[in-house]
Amino acid sequence: DVGKGAFQAAAPEPASSSADDGMTWWYRWLCRIAGVIGGMSCAVAGLWNCVTINPLNIAAGVWMMLNAFILFLCEAPFCCQFIEFANAVSARADKLRAWQKAAFYCGMAVFPVMLSLTLTTLFGNAIAFATGVLYGLSALGKKGDAISYARIHQQQKQMDEEKLTGCLEGQAL
C-alpha cells in the first residue's frame, strides 16, 4: 500500500527520535502538526496576497507559497506523494538539529513580512514562525527539577558565605 508506506515514512519513531534530540514523541507530533497548519496558512495567505497589483505583495505571496511547499515537504511528505524526492528531503530535514530547524523556519517566515508588512503576511506566517519557535524551545532542552536547582543554590550560597568569612578573617588579622 503506497499511502500507508508514505505515511509510515513520515511518522516520527518515538524510540529513536527521542534518543537523538531529546524531544518526546508528543512534542515531535505537535511540531509536525504546527508545521502542516503553518503550511496551510502560508499557502492560503500567499495566494490571497498574490491577488493585487503591488509587486512586493506578489513577491511576498509567492515566497509564502514557497514556504508552504517547504513546510509540507519537510514536515508532512505524505502530502507530496507526487514528488519523487519528498521522502529524501524529509529524511534529511529530520536529521537537522532542532535549533537549525528553528532558525530556518523562523527565517523563512520573517522574509515575506519584511517584503510586505500587511495583515495577510503577518497572520499567514504566524503559525510557520510558531513552528520555528516550537523547535527552538525544544533546542533549549528540558527544564530542570526543583531539587537540582535548590542544591545548586545551596552550594552557591555556601561558597558565598565561605568567601565572606574568608574576607572578614583577612580584615581581622
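A residue counts as partly exposed when its relative accessible area falls between the buried limit of under 20% and the exposed limit of over 50%. Ile33 has a relative accessible area of 46%, so this residue is partly exposed. Ile33 belongs to helix 3. Its C-alpha atom is separated by 8.0 Å from that of Glu75, 42 residues away along the chain.

The model is predicted. Mean pLDDT for the chain is 80. A value of 70 or more is reached by 82% of the residues. Over residues 1–19, pLDDT stays under 50. For that segment the model has 18 contacts beyond four places in sequence.

The chain contains eight helices and zero strands. Read from the N terminus, its elements run α-α-α-α-α-α-α-α. The chain has 173 residues, of which 32% count as buried. Among contacts with a separation of 6 or more, 63% join residues 24 or more positions apart.

The unreviewed UniProt entry lists residues 29–48, 60–86 and 98–117 under "transmembrane region". In the model, residues 29–48 are 100% helix and 0% strand. The end C-alpha atoms of that span lie 28 Å apart. Residues 60–86 are 63% helix and 0% strand. Here the end C-alpha atoms lie 24 Å apart.

Helix 7 covers residues 119–140. It has 22 residues. From first C-alpha to last, helix 7 reaches 30 Å, close to the 32 Å expected at 1.5 Å a residue. A bend of about 40° occurs at Ala126. Just after the helix, Gly141 adopts a positive phi of about 100°.

The buried residues of helix 7 are Thr121, Gly124, Asn125, Ala128, Thr131, Gly132, Leu134, Tyr135 and Ser138. They pack against helix 3 (25–49), helix 4 and helix 6. Thr131 illustrates the burial within this helix. Its relative accessible area is 0%, under the 20% limit, so Thr131 is buried. Leaving aside residues up to four places away in sequence, Thr131 touches Cys31, Ala34, Gly35 and Tyr105.

Tyr105 also takes part in an aromatic cluster with Phe104 and Tyr135. Tyr135 is one of the buried residues of helix 7.

A search of the whole structure finds four aromatic pairs. One of them joins Trp26 and Tyr27. Their ring centres lie 5.8 Å apart, with 85° between the planes. Planes over 60 degrees apart count as edge-to-face, so the Trp26 and Tyr27 pair falls in that class. Tyr27 has 14% relative accessibility, and therefore counts as buried.

Trp63 and Phe111 form a pair with another geometry: the ring centres are 4.5 Å apart and the planes meet at 55°. Trp63 lies in helix 4 (residues 55–75), and Phe111 lies in helix 6 (residues 98–115). The pair therefore ties together parts that are 48 residues apart in sequence. Trp63 has a relative accessible area of 31% and is partly exposed. Phe111, at 32% relative accessibility, also counts as partly exposed.

Asp94 is found in helix 5 (residues 86–95). With a relative accessible area of 30%, Asp94 is partly exposed. Not counting residues up to four places away in sequence, Asp94 touches Arg32 and Lys101. Asp94 and Cys74 are 20 residues apart in sequence. Their C-alpha atoms are 7.7 Å apart in space.

Conventions
Residues are numbered from 1 along each chain as its sequence is written. This is a predicted model: local features need pLDDT of at least 70, side-chain atom pairs count only at pLDDT 80 or more; totals for chains, interfaces and linings use all residues. Side-chain values use heavy atoms; hydrogens and water are left out. Rings of Phe, Tyr and Trp (its six-membered ring) pair if their centres lie within 6.5 Å; planes under 30 degrees apart count as stacked, over 60 as edge-to-face and the rest as tilted. Buried means under 20% relative accessible area, exposed over 50%, partly exposed in between (1.4 Å probe, protein chains only). Helices (H or I, at least four residues) and strands (E, at least two) are DSSP runs, numbered from the N terminus. Contact means heavy atoms within 4.5 Å. The expected span of a helix is 1.5 Å times one less than its number of residues. The bend at a residue is the angle between axes fitted to the seven residues ending there and the seven starting there. UniProt positions are given in the numbering used here, feature names are shortened, and annotations may be inferred rather than shown by experiment. pLDDT is the predictor's confidence in each residue, from 0 to 100.
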